[in-house]
Amino acid sequence: MKVCRANPGKAILSGLAGSLVVVLWMLDALLASPMRRWAERTMNSKLNGYTVRIGRARPHIWKLAFDLDNLVLVQNSHPDPPVADFGALEFSLVFHELLRLKVAGDLTILRPALHINLDQLKEEANSHVSLKDRGWQRAVESVYPIKLDRVEVLDGSLLYLSGDTTGRPLQLTKVSMVARNVRNIAAARDTFPSPVTLEGVLFDTGRVSFKGAADFLREPYLAARGEIHLVQVPLDRLDPLAQDFQLRTRGGFLSVNGSMEYTPEAQKAHLRDVRFEHLRVDYVTSRATKAIEWEHGRQAVKLAKKVRNAPSLLLQVDLLKLTHSQIGFVNEATTPPYRLFMSDVDLDLENLSNQAGPGRSRFHGHGTFMGHGTTVVSGGSRLTASPADFDVRLKLDDARLPDLNAFLLAYAGVDVAEGLFSVYTEITVKNSRVEGYIKPLLKNLKIYDRQKDQGKPFGKRVEMHVLQMLASLFKNRSSKAVATVTRISGSTSDPKTNEWEAIRKLIGNGLSHAILPGFLDKQKVEPLPGTVDPPARKKPPRSPKTGAGDRTPTPAAGPAAPASARTGPDSQAGLAGRPSAHHP
């Protein structure tokens with residue numbers, strides 16, 4: 001009592017403060033339900049094709065703020081499942097901006113979860129209302145007209161659901177984003193006044209991040225620019241989607257480092273480094289998918305024409321790298337079906353672009369064909385060139401022929417017991433012409449085997465004996481290989497091959513001139529008949545006149561050696577000074 005009589009003013013102030021708190025608390029409670037209905041009605045009046053439901057509203061009059069909890073957004077045509085739900089939207093006033101005589105607010109979005117399925121995507125694609133005209137921004141502004149200075153997203157997620165991905169959905173989780181200076185005054189063109197950072201987890205273990213800036217007031221929609229990074233994103237989740245394009249994927253990781261710019265006027269992506277690691281992918285064809293494959297091919301050609309040298313689109317990849325991977329081709333349309341694959345693939349593709357300016361793209365790589373054949377490939381191209389402009393150089397050494405038995409049965413009707421297969425080829429396409437050659441070699445070929453072929457019909461066994469005899473006939477006695485060279489030359493619309501030359505090389509390899517492994521000497525490759533003019537015949541030099549006493553006997557000229565023995569590209573004499581195969 002003595003304290004109260006000594007400080008009556010303090011007691012009064014304490015009582016007023018307590019009463020004010022009680023009054024404000026009561027006002028918050030009284031306004032909660034009407035505010036929820038008002039906010040729900042106001043937001044829905046701005047939305048087009050969507051409806052929002054609000055669980056509750058929590059006004060905080062004492063700090064000029066309010067929260068909207070448990071929001072659910074549904075697509076009117078496909079209400080189940082909801083498109084999104086939000087743990088809370090928290091609106092608050094930025095008091096320090098009041099000192100600068102400015103009014104600005106902050107928005108914190110807690111636990112936003114977006115759920116997208118195929119039906120909802122199709123509805124958006126077929127709708128006459130564009131996504132930006134659905135009224136998202138107007139709906140938020142209708143309940144909080146104060147200009148936002150800062151928007152923060154905490155623990156967000158994005159989930160794609162379809163019939164094939166329900167077991168392992170495609171999802172981006174643990175999303176955190178901060179955007180500052182959101183409602184900056186309209187910025188000049190090509191400026192990005194609002195800093196933005198974003199981080200998240202892609203497909204459970206991969207990391208994704210973006211650091212850059214945006215212009216949220218750009219019309220007709222926002223613009224953004226910045227650095228993007230993907231780290232060890234697992235690709236096995238994409239298999240259900242890839243199967244729609246006849247692709248089967250198993251495992252693999254994707255990492256990307258680069259920059260992007262997205263504006264209403266242009267889109268740019270400059271990826272400095274794209275890496276696929278431990279990828280397993282097969283392209284699968286069958287009779288049932290032929291029509292779909294043709295349609296996909298038509299769409300791919302159409303898309304390539306659309307993006308090639310497109311003025312508002314720049315796609316640039318400095319290095320695309322494939323490491324420790326396997327690429328296969330499965331044909332289920334043949335009897336029997338077969339699979340061809342390349343394992344242990346390391347492939348580099350450099351300087352890829354949809355624009356003509358950056359220059360020639362190059363590629364080089366190596367791998368193992370069917371588990372045994374060492375393969376090296378290299379070449380280059382101008383991706384935007386029309387007509388096509390590319391070159392390829394491939395070397396395949398000692399693949400096991402029995403590994404190709406399913407392929408051989410599908411197309412040749414025979415299989416083999418033993419043998420090694422090698423091929424060397426160089427092809428150049430430029431100015432609507434193709435030039436090159438293919439050089440196959442078969443070593444230690446054994447077609448018929450009593451144990452392997454004992455259950456086959458008598459006629460098939462006779463056929464295999466005949467083939468074995470022909471293989472032995474054309475096998476070179478020194479190299480133990482059956483080999484030939486087929487040249488390709490002419491217009492890209494109608495390239496020519498010289499079958500008679502291939503037969504001549506085959507016979508020549510068996511009788512005398514061994515065709516050795518390796519690429520041909522380009523200076524010694526004879527052109528196809530009729531493709532170039534024959535060289536002019538040179539006259540022998542005239543001997544100087546000498547007197548009768550100075551004459552010396554002229555040695556008799558021996559028979560000229562055949563041209564193929566001197567300079568043939570396939571003879572041993574034409575390779576690094578080795579002796580010819582038909583000389584001891």
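If we skip its neighbours within four places in sequence, threonine 108 is in contact with Ala88, Leu89, Glu90, Glu152 and Leu154. Before I go on: this is a predicted model.

So where does threonine 108 sit? You'll find it in strand 4, which covers residues 105-110.

Leaving out residues up to four places away in sequence, leucine 89 touches Phe66, Asp67, Leu68, Leu71, Leu107, Thr108 and Ile109. Leucine 89 also turns up in the largest nonpolar core, which has 31 residues. Met43, Leu68, Leu71, Leu89, Phe91 and Leu107 are the ones with the most contacts inside that core. Which elements supply at least two residues each? Among them are helix 2 (8-46), strand 1 (50-60), strand 2 (65-75), strand 3 (84-93) and strand 4. Apart from this core there's another one, of 20 residues, including Val208, Leu230, Val317 and Val345.

Next up, phenylalanine 86, which lies in strand 3. Phenylalanine 86 and proline 112 are 26 residues apart along the chain, yet their C-alpha atoms are separated by 4.3 Å. Not counting residues up to four places away in sequence, phenylalanine 86 touches Asn70, Leu71, Ile109, Leu110, Arg111 and Pro112.

Asn70 brings me to the backbone. Most residues other than glycine have a negative phi, and most peptide bonds are trans. Asparagine 70, in strand 2, has a phi near 55°, which is positive. At 47% relative accessibility, asparagine 70 is partly exposed. Phenylalanine 203 has a positive phi too, near 55°. That residue is in the loop between strand 8 (194-202) and strand 9. What is the relative accessible area of phenylalanine 203? The value is 10%, so phenylalanine 203 is buried.

One joins threonine 335 and proline 336, with omega about 0°. Proline 336 sits in the loop between strand 15 (313-331) and strand 16 (338-353). Another cis bond joins serine 386 and proline 387, and there omega is about 5°. Where is proline 387? Look in the loop between strand 18 (373-381) and strand 19 (390-400).

Methods:
Residues are numbered from 1 along each chain as its sequence is written. This is a predicted model: local features need pLDDT of at least 70, side-chain atom pairs count only at pLDDT 80 or more; totals for chains, interfaces and linings use all residues. Side-chain values use heavy atoms; hydrogens and water are left out. Helices (H or I, at least four residues) and strands (E, at least two) are DSSP runs, numbered from the N terminus. Contact means heavy atoms within 4.5 Å. A nonpolar core is a set of buried Ala, Val, Leu, Ile, Met, Phe, Trp, Tyr and Cys residues joined through side-chain atoms within 4.5 Å. Buried means under 20% relative accessible area, exposed over 50%, partly exposed in between (1.4 Å probe, protein chains only).
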